Amino acid sequence: MMRSSSIDKKEKVKRRISLRIKWLLFICTSVFLAIVVSVSIMGVKVTSIFKEDSTSINESSAQNAAAQIDLSMAT
């Protein structure tokens, strides 16, 4: 009878996560979220920079082509 009561007590006791493991998980999660946020912000900024650069390059190329066509037509 004594054995069964000790086994029942062990089954009823939930395993608790230690404070060290909780802090470790908290720190790892925080670092991971910080990395994800910074990478996504940098991705958005780099994409907008590339779009602006390509737009300005396309505009200057179109103006140069138009100027060359005007020179060709003039001669």
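## Helices and the overall picture

Helices and strands here are runs assigned by DSSP: a helix (H or I) needs at least four residues, a strand (E) at least two, and numbering starts from the N terminus. By that rule, the protein chain in this predicted model has two helices and zero strands.

How much of the chain is buried? Of its 75 residues, 0% count as buried. The protein chain exposes about 7600 Å², and 68% of that comes from carbon and sulfur atoms.

Now look at the surface around Leu19.

Leucine 19 sits in helix α2, which covers residues 19-74. Is leucine 19 buried or exposed? Its relative accessibility is 61%, and exposed means over 50%, so leucine 19 counts as exposed.

The structure holds one aromatic pair, and it's made by the rings of tryptophan 23 and phenylalanine 26. The ring centres are 5.6 Å apart and the planes sit at 85°; angles over 60 degrees count as edge-to-face, so that's the label this pair gets.

Where are these two along the chain? Tryptophan 23 and phenylalanine 26 are three residues apart in helix α2, so about one helical turn separates them. Both tryptophan 23 and phenylalanine 26 are exposed.

What does the side chain of serine 54 lie 3.0 Å from? A polar atom of that side chain is 3.0 Å from the backbone oxygen of lysine 51.

Methods:
Residues numbered from 1 in each chain as written. Predicted model: local features only at pLDDT ≥ 70, side-chain atom pairs only at ≥ 80, totals over all residues. Heavy atoms only, no water. Buried < 20%, exposed > 50% of the residue type's maximum accessible area, 1.4 Å probe, protein only. Areas by Shrake-Rupley, 256 points an atom, 1.4 Å probe, with all protein chains shown as cover. Phe/Tyr/Trp six-rings, centres within 6.5 Å; stacked < 30°, edge-to-face > 60°. Polar contact = N/O pair within 3.5 Å; in protein donor to acceptor, adjacent residues only side chain to side chain.
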